[in-house]
Amino acid sequence: MKTELDSLATALYVRTDDLLKASPHLAPWRPAVGIAPKLSDAELVTLAMMQAVLGFTSEARWLRHVRAHLQHLFPYVPEQPGYNKRLRKAADLLRRVTRTLAVDTSVWSDDVWIVDSTPVECGRSRETVKRSDLAGWAEYGYCASHSRFFWGLRLHLVCTLQGLPIGFALTGAKADERETLLDLLAAEDDLVARRPGQTLIGDKNYFGRAFERELAEQGIRLLRPTRKGEPERSGTPLFKPLRQIIESVNESLKGQLDLEHHRGRTPGGVITRVMQRILALTAAIWHNDQTGQPVLRSLTTYDH
């Protein structure tokens, strides 16, 4: 609905503008002397979020749509090269805004997390693989849920039962999910330190005595399916219904937010486009939470 999308855009713009006024160092660097941008950083963040929500994978098509239908929100719309350049420079700002919104929700402190990884395909032809600037980071991997090989990256995501992103990482397709999770938690140790007795739900790939011992030392209880040859694990009957939640989050990222059609061609481009989608998911949950609506994992409420 247009009214709901406008409300989300306005709320995000105001929150981002307030954040940048309180912490101007979060804005992308620009020379002290020069022409001031006609599109503010808060408008840029809002524009990036709306592009992801409305499913525009082409920046040129998106900016044409803005000029035709959204000029009541964005009086000035940059050309595609300028938009692309500013967006890539604002990747860290997108991350900061995403975390600010997440912390500002009532579900940020939930004591149950879900962890999983999902493919981020970056190319299919041999020529693309040979010439891509992503070579060396992107690599061949296997997606068990779709029974296919792919060339690209993996998005590792930790979220709440309501689908709110808590932490994430982008790695090569073959990166060990357990090591990535431990690195992610180590990078922000205060996330766990403030939540004694946290429960973490993962799939069968999150196994191993040493791995579970490291989690236990951080006060995290791991809930995962029983692997072949293992005795029945506690909490197994609860796993299947809870496990479906992470699948719905991945479906939001892939289906509604077109994660697999990100069109990133460089490391910076892929990171920015993934950040746009995580921001969009977080912003929708944050806005629903702030306005007293159900915290939805689906973004269909804001579809045009």
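This note goes through the predicted model above point by point, from the whole chain to single residues.

1. Overall make-up. The protein chain of this predicted model contains 11 helices and six strands. Of its 304 residues, 51% count as buried, and the accessible surface of the protein chain comes to about 14900 Å², with 53% of that area belonging to carbon and sulfur atoms. Among the contacts between residues at least 6 apart in sequence, 65% join residues at least 24 apart.

2. The largest nonpolar core. This core has 36 residues, and those with the most contacts inside it are Leu47, Met49, Met50, Trp62, Tyr83 and Val97. Two or more residues each are given to this core by helix 1 (2-22), helix 2, helix 3 (59-69), helix 4 (80-89), helix 5 (91-103) and helix 11. Helix 2 gives the most, with eight residues. As general background, nonpolar side chains in soluble globular proteins tend to be buried together.

3. If its neighbours within four places in sequence are left aside, Val97 is in contact with Leu12, Thr16, Leu19, Val45 and Leu279.

4. Helix 2 against helix 11. The axes of helix 2 (residues 41-53) and helix 11 (residues 267-290) come within 8 Å and cross at roughly 90°; since angles of 65 to 115 degrees count as roughly perpendicular, the two helices are therefore described as roughly perpendicular to each other. On the helix 2 side the contact involves Val45, Ala48, Met49, Gln51, Ala52 and Val53, which meet Gln276, Arg277, Leu279, Ala280 and Ala283 in helix 11. Sorted by class, this contact has eight nonpolar, two polar and one charged residues.

5. Helix 2 against helix 3. Helix 2 also packs with helix 3, here at an angle of about 105° and with the axes 11 Å apart, so that helix 2 and helix 3 are likewise roughly perpendicular to each other. Leu47, Met50 and Gln51 of helix 2 make this contact with Glu59, Trp62, Leu63 and Val66 of helix 3. By class, the contact of helix 2 with helix 3 has five nonpolar, one polar and one charged residues. Gln51 is listed both in the contact with helix 11 and in the contact with helix 3.

6. Leu94. This residue lies in helix 5, and because its relative accessibility is 1%, Leu94 counts as buried. Beyond its neighbours within four places in sequence, Leu94 is in contact with Val45, Ala48, Leu87, Thr272, Met275, Gln276 and Leu279. Among these partners, Val45 and Ala48 belong to the helix 2 side of the contact with helix 11, while Gln276 and Leu279 belong to the helix 11 side. Leu94 and Leu44 are 50 residues apart in sequence, and their C-alpha atoms are 9.6 Å apart in space.

7. Thr105. Is this residue, at 8% relative accessibility, buried or exposed? Thr105 counts as buried, because 8% falls under the 20% limit for that class, although its place is in the loop between helix 5 and strand 1 (112-123). Not counting residues up to four places away in sequence, Thr105 touches Leu164, Trp286 and Asp289.

Definitions and conventions: Residues numbered from 1 in each chain as written. Predicted model: local features only at pLDDT ≥ 70, side-chain atom pairs only at ≥ 80, totals over all residues. Heavy atoms only, no water. Axes fitted to C-alpha atoms, helices over the stretch in contact; angles between N-to-C directions. Helix = DSSP H or I, 4+ residues; strand = E, 2+ residues; numbered from the N terminus. Parallel < 35°, antiparallel > 145°, perpendicular 65-115°, else oblique. Contact = heavy atoms within 4.5 Å. Nonpolar A, V, L, I, M, F, W, Y, C, P; charged D, E, K, R; others polar. Core = buried A, V, L, I, M, F, W, Y, C linked by side-chain atoms within 4.5 Å. Buried < 20%, exposed > 50% of the residue type's maximum accessible area, 1.4 Å probe, protein only. Areas by Shrake-Rupley, 256 points an atom, 1.4 Å probe, with all protein chains shown as cover.
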